[in-house]
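Here are my notes on the model you sent over. Have it open in a viewer while you go through the points.

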Amino acid sequence: MTAPVVSSPALEQVLARARELIDQWRDEDCGTPTVKDFCRYAAALNDGEYIRRARAMEADGRPVEAPALFLAATMSWEDGPPEEELRPDGLARRESPCTEGLPVRQVHGGQSVRLVRPPVAGTRITATRAVVSARHKHGRSGEFVLLGVRTRFLSPDGSELTSVDETIVVLDATGGDR
């Protein structure tokens, strides 16, 4: 079976760039989260019970584990880009692999999270991220590219804490083959 032809030059570029990046892992130092970081996340979820329990464990000198989805829910470990540096679709450049400078828009196409073990406050964490797949598709509204991106959060000994698989739908912003 022959793969369908890509009619959008922008999507063809996305596919070419993605195929060059597949399985090229890039590390990001996430720093050393603290109990305060965990509690801020829990407060955003209105999880007062977690905060009470975490602060009691900290006061007793016991290790404090992060809330279950802390790593997967943290979109960035930096301050974040200024608004003028965001793409028209609201994504930061970091979250837009293979699309820089191209007339495309992106939609989050889904996510699966695998929790291995929660990080403990005071433990340095590294996120390693790669494009793992790129597929050209046709749908009712036209052609698009599905990018698969995997982020693995690792402890200092290299063991996996959490793994997040995301699908990014990339569409031609010029109208493509509609």
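1. What share of the contacts in the chain between residues at least 6 apart in sequence join residues at least 24 apart? The share is 68%, where contact means heavy atoms within 4.5 Å.

2. Before going on, a word on what you're looking at. This is a predicted model, where local features need pLDDT of at least 70 and side-chain atom pairs count only at pLDDT 80 or more, while totals for chains, interfaces and linings use all residues. Residues are numbered from 1 along each chain as its sequence is written, and side-chain values use heavy atoms, with hydrogens and water left out.

3. On the fold: the chain has four helices and five strands, counted as DSSP runs numbered from the N terminus (helices are H or I, at least four residues; strands are E, at least two). Reading from the N terminus, the order is α-β-α-α-α-β-β-β-β. Along the principal axes, the C-alpha atoms fill a box of roughly 65 × 30 × 25 Å.

4. On burial and surface: of the 178 residues in the chain, 37% are buried (under 20% relative accessible area, with a 1.4 Å probe and protein chains only). The accessible surface comes to about 10,400 Å², and carbon and sulfur atoms account for 50% of that; the areas are Shrake-Rupley values with a 1.4 Å probe.

5. On charges: the chain carries 23 positive and 27 negative charges, and their mean positions are 4 Å apart. Lys and Arg count as positive, Asp and Glu as negative, with His and the chain ends not counted. Each charge is placed at NZ of Lys, CZ of Arg, CG of Asp or CD of Glu.

6. On cysteines: there are zero disulfides (a disulfide being a pair of cysteine sulfur atoms within 2.5 Å). For C30, the nearest cysteine sulfur belongs to C39 and is 19 Å away. C30 is buried at 8% relative accessible area, and C98 is buried too, at 7%.

7. Now to strand β3 (residues 125-139), where you'll find R129. Is this arginine, R129, buried or exposed? R129 counts as buried, because its relative accessible area is 16%. Its side chain makes a polar contact of 3.4 Å with that of T151 (N or O atoms within 3.5 Å, where within protein one must be able to donate a hydrogen and the other to accept it, and residues adjacent in sequence count only if both atoms are side-chain atoms).

8. Setting aside neighbours within four places in sequence, S163 touches S112, V113, R114, R150, T151 and R152. With a relative accessible area of 5%, S163 is buried.

Conventions: Buried < 20%, exposed > 50% of the residue type's maximum accessible area, 1.4 Å probe, protein only.
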